[in-house]
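Subject: Structure for you to look at

Hello,

Here is the structure I said I would pass on. Please open it first, then read the notes below it.

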Amino acid sequence: MQDCLTLKKSNCKNCYKCIRNCPVKSIRFSGNQAHIINDECILCGRCFVVCPQNAKQIVDETEKVEVLIQGQSPVIASVAPSFVANYPGVGIDSLRRALKKIGFEDAEETALGATIVKTEYERILAEEDRDVVISSCCHSINLLIQKYYVNCLPYLADVISPMQAHAADIKRRYPDAKIVFIGPCVAKKDEAEHYKNFVDATLTFEELTDWFDRAEITLDQDTDSEEKSRARFFPTTGGILKTMAQNAPGYTYMAIDGVENCIDALKDIAEGKVHKCFIEMSACVGSCVGGPVMDKQHRNSMKEHHRNPVSDYMAVSNYAGGKDFEIDQPEVTELKKIFEPIEQKAIYPLDYEINQILRKMGKTKKSDELNCGSCGYNTCREKAIAIFQGKADISMCLPYLKEKAESFSDTIVKNTPNGLIALNDSLEVQLINKVACKILNIPNPSDIIGEPIVRVLDPVNFMKVQKGPGQIFGERTYLAEYNRYVEQTIVRDADSKTLICIMSDVTEEEKEHKRKEEISRQTVEVADKVVDKQMRIVQEIASLLGETAAETKIALTKLKESISDE
């Protein structure tokens, strides 16, 4: 299979939207990135349409077509009939003039090939004894059957597609021409690559519009056409049936669109529940006018899959006619197409292997299998199979991750020595652990959950942090009503508008600090008293010594005087 869809890895954001919308789950996640599994993909383009990051992109063949135009051979465009819905108010003549301006030799409607194909379908039903016949115009449906419903291959009409029939008709008329198919389909790029000698290159409507924009070409509002044809109904649901006679004896004719509906029909066919029926199958809801590259530019601007089923059908209906194109019908052998089974390499696990994976996902019993679809898979067992096949990872399970994160956070909250309180923007308690309850003398966390913080704490600090740019770190506070000292850290998470308070009970530390301060104060007082007492003693001694010295001095003086007198 040609690598028609590629991925811009830097844009993939693990939303799993592509897996949720992929009808065959042909997407693998590795390294937090989505990877398309080409061998399993049916190229319905659903992942391209729904990707919110525009991470999926279709391989652009504009440059290849430009090279063809520069060559010697004439380049003729085969334009899918859905163009009238993609370019409102524009007919084939207007589109032909625009295509010639960018170098095309000519442009024709693929509906010419559709006339050939529907005629062959009518012949098969009238002349061949077949039970169920499934239309083979949609390459995505063909791939779906070839890859996933091989037992329905005998019912797939062995007829070339309108694109191939028209290309073959052009080359009969212009043997050296190069054919470029232009349409709303991703799968046609693969069909052109796989089945050689029909189409030389393919463009999507988006690629063509970009080319017109670069060349500054504006399409004329002109829907006049030389001839009308009911084959122009082909791109609508039931459009093939609308062109057919529907007169084969004993046959029921029906149209089914959307891959999921087609899968359900194929299951019924495989189980033998359907007989004598011609079934028109289209992968896209609404058929080709609901194709993945219809009105893509508008969808980019709207950031969503924008569809106009009513106006699109009306555009096709107003442009179509009641007769067939006049075109030569080729020999039956020229219209034959062989569809071979495409082997799937994926290995399916045994039940015990699935159960082992489910247990790793925390799903030990049936009730644990929520089948929520957040991972992109319809059931937990489908997800387990994808894990076994290397297409998915356990971490893609949102309930598993949520439970794991909650378990991890609960372990931290329950075992931290600090008190934790979380408040919402209304300053109401959303979470409180047992340590905080002990600090605040709260018997049970449920007593305060949902209540205003003012019931247990002064909200002033919380209000400061909530209103201001700053935060509080390690502020020591005395909670008088609880006779406790705490160190408070209050921070605000702007994204969740949550205030988080971390409290450390430092009461014993504060008491020890106070006790040491008291001992120090008492020691200083004792020392002061000792010093004062010692000073008094020294002063008294000094005083006594002073009196004795004076008396001695008087006595000695008197003795001296006495001696002198003698």
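Two strands pair if DSSP finds at least two bridges between them. Helices (H or I, at least four residues) and strands (E, at least two) are DSSP runs, numbered from the N terminus. This is a predicted model, in which local features need pLDDT of at least 70 and side-chain atom pairs count only at pLDDT 80 or more, while totals for chains, interfaces and linings use all residues. Residues are numbered from 1 along each chain as its sequence is written, and side-chain values use heavy atoms, with hydrogens and water left out.

Strand β11

β11 covers residues 277-282, and six of its six residues are buried (under 20% relative accessible area, with a 1.4 Å probe and protein chains only; over 50% is exposed, in between partly exposed). In a regular strand the side chains alternate between the two faces of the sheet. In β11, Cys277, Ile279 and Met281 point one way, and Phe278, Glu280 and Ser282 the other.

β11 pairs in the parallel sense with β7 (residues 132-134) over three bridges, where Ile134 stands opposite Ile279. β10 (residues 252-257) also runs parallel to β11, joined by six bridges, and there Tyr253 stands opposite Phe278.

Aromatic pairs

Rings of Phe, Tyr and Trp (its six-membered ring) pair if their centres lie within 6.5 Å; planes under 30 degrees apart count as stacked, over 60 as edge-to-face and the rest as tilted. The whole structure holds eight such pairs. Tyr87 and Phe205 are edge-to-face, because their planes stand at 80 degrees, with ring centres 5.8 Å apart. These two residues are 118 apart in the chain, and Phe205 belongs to helix α10 (residues 205-214). Tyr87 is buried at 8% relative accessible area, and Phe205 is buried at 0%.

Phe104 and Trp211 have ring centres 6.1 Å apart and planes at 55 degrees, so this pair is tilted. Both residues are buried. Tyr121, Tyr253 and Phe278 form one aromatic cluster.

The largest pocket

A pocket is an open set of points on a 1 Å grid over the protein atoms alone, where a 1.4 Å probe fits, with protein on both sides within 12 Å along at least five of seven lines; lining residues have an atom within 4 Å of a point. The largest pocket is lined by 25 residues, and Pro23, Val24, Lys25, Tyr348 and Glu382 lie nearest its centre. α12 gives the most to this lining, with four residues.

Regards
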